Amino acid sequence: MDIRRRTIAIIAIVSLCLIGGLGLYTQAFILSEFVLLEEDILDQTIDRTIRIIDQERSFLSASVQDWAMWDDTYLYVQGLDPDYPGRNLHKTVFDYLNIDSIVITANDGTIAFGHRYDSLTEEYIPVPDSLYALHRSVLDTGREELSGFYQTEAGPMLVVVRPILMSSGEGPVMGTLLFARAVKEEWIEDLSSQTGEPVILTVFADELYSPDISIQKDDHLITGSKVLTDLSGAPMLTLSVTMDRTIYAKGLLSVQSAFIVIAVFALVYGIVIYLLINQSLLKRITSLNREVRDITKNSHMNRSVIISGEDELTELAVSINSMLMAIHEDQQIIRENEGRSRLLFNSTIDPMLLVAVDKDSKPGEILDANLSALTLLGLSYDHLIGIRLSKIFYIDRDMQGLDTQYVIGFFTPENSNPVPVEVSMHSFFLKDMPAAIWVARDISERVHIEEERQASIEQIGHNIEQFAILGDNIRNPLQVIRGYLSLFEDRTEYVEVIEDQIEQIDDRIRQLDEGWLESENVINFLRRNHK
C-alpha cells in the first residue's frame, strides 16, 4: 500500500472513529437526557396523581370534620334529633360529597346510621362489615382522625373516620362518623382525565415492597408504579401510570439527526484534510519518489533531486542528494576496486574458480573463473559459468599427498588429458550465500618427477638384489677353490698365498653385503614414504 492509500485509510479510520465516538457520545448524552426527561415527567405525573388522591382525601377529611363537629350530629347520636337522617342523610348527600358509604356509630358500638349508596342503580347496598370495625380503632387510640385506603370485603376504599364532638369542643365523645369512597373504575377514569395519562389502581400483590417509584419500559410505552399504603402503613394498592414514549422517540430522532450531521461533518473534514495533505505533502512526496526512481533506473547517481519549500521534505531532499553523491563516490571506488580485483584475479598464474556451495556443503555451480582456469580447461567464460564443478574436476584418492590442507585431483579439459592439480579452498558468504574460492596449481611436473623417482627407487632395489646374487655367485667358486687347496699340502707356500687372496676377496664381499643391507633399509624407507 502506497502512502497516498495509507493517508486515505488513516483519514477514513479517523473519520469513522470521529463519527463513532461523537455518535456514541451524542447517543449517550442526548438520548440519556431525553430518557431522564421522560422519567422525570412520569415521576411528576405519578406525584400529581398522588396529590389529586391526597386532595380527595383532604376534601373527604374536611367534610367528615365538619359533620363530626356539627351539633345536630352530636344530638342525633344521643337520640335527641330523630329527624336528622331525613333532613341531612338523604341520597343527594352521597352524590354531593362524592361518597358511597356513611357510618355513624355510638360509643358503645351501636350503629346509629349505616348506609352505602350505589349511584349507578340509585339503590342502597349493604355496608361492608369491616367498616364498622374502624369505630373502635378511633375510640381506643384516642386519635382525632383515621384516614386513608382501607381494604374491605367490597374492595379497597378511601375512608375517613373522626370522633363526634360538640362544635365548641366541650363535652365527651359521643361516637364516630365515617365517610368512605370505593376505589371504582369511575374514580380511576376521573384520575386519568385529571392527569392526562392512563392511571391504573390495582391491589398490591408483590412480596417485595419499595416506597420508591419503579419504572418499566419497552420500545413504545413507559410505565411507572408507586405503592400506596393503607391506614396501618402496610402496602395495599399499586398506582401505575403508562405513557407513550414520544419523548424517547424524539430523542432517537434527535440522535439520528445529530449522527447524520456528524457523518456529513466527518466526510467534509476528511476531504478537506486529504486535500490539504495531498497539496502540501503527497504531491511533493510523489514528485520526490519519481525523481529518485528515475535516478535509480538510469543509474545517474551524480544527479540531484529538487523539492520546493522549506520544511522536512526539503531537508529530506538535501539528505537524498548527499546520499546520492556519497553513493556515486562509493560506486567509483567500488568500480576501481573491482577493476583492480579483476585484474589481479585474471593476472594470477594459478587457475582460480568461484564456486557456490550447496546445502549439503558440496561444491555446486561455478560462479566465476580467471583466465588461467579458462586456458587450462580450454573453455570460454560463458560456457564455463553455470556448470557444476563436478563436471570438470574429480578427486583421485591415490594421489592425495601428505599435506592435508590441500586437495589433489584432476581437471578434465575438453580436448586434452586430465591435468593433476593441487587445490586450496577458502569458504565465505557471497550475498548471504555460501561460496568458496578454489585456487588450483598444476602439479604435472611434480607428478612426473615423483614417477621418475619412484622408478629410480625400484631400479636401485632391483640392482641391490642383483648385487646380492652376484656376491653369492662369487662366494661359491671361492669355496670350491678353497676345497681344492687341501690337495696341495706339500706346496704350502702357494696355498698360503691363495688363502690370503681368498680371505681378501671374501672380506670385500662381506663389506658389499653390509652396504647392501644398509641400502635395502634405505630402499624400504623410500618405498614407505614416497608412494
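Tutor: Let's start with a term: a residue is buried under 20% relative accessible area, exposed over 50% and partly exposed in between (1.4 Å probe, protein chains only). This is a predicted model, where local features need pLDDT of at least 70, side-chain atom pairs count only at pLDDT 80 or more, and totals for chains, interfaces and linings use all residues. Residues are numbered from 1 along each chain as its sequence is written, and side-chain values use heavy atoms, leaving out hydrogens and water.

Student: Is Glu186 buried, exposed or partly exposed?

Tutor: Glu186 sits in helix α7, residues 185-195 (helices are DSSP runs of H or I, at least four residues, numbered from the N terminus). Its relative accessible area is 41%. Because that value lies between the cut-offs of 20% and 50%, Glu186 is partly exposed.

Student: And Ser63, buried or exposed?

Tutor: Look for Ser63 in helix α1, which covers residues 3-68. Its relative accessibility is 9%. The cut-off for burial is under 20%, so Ser63 counts as buried.

Student: Which residues is Ser63 in contact with, leaving aside its neighbours within four places in sequence?

Tutor: Contact means heavy atoms within 4.5 Å. With those sequence neighbours set aside, the partners of Ser63 are Leu97 and Phe179.

Methods: Helix = DSSP H or I, 4+ residues; strand = E, 2+ residues; numbered from the N terminus.
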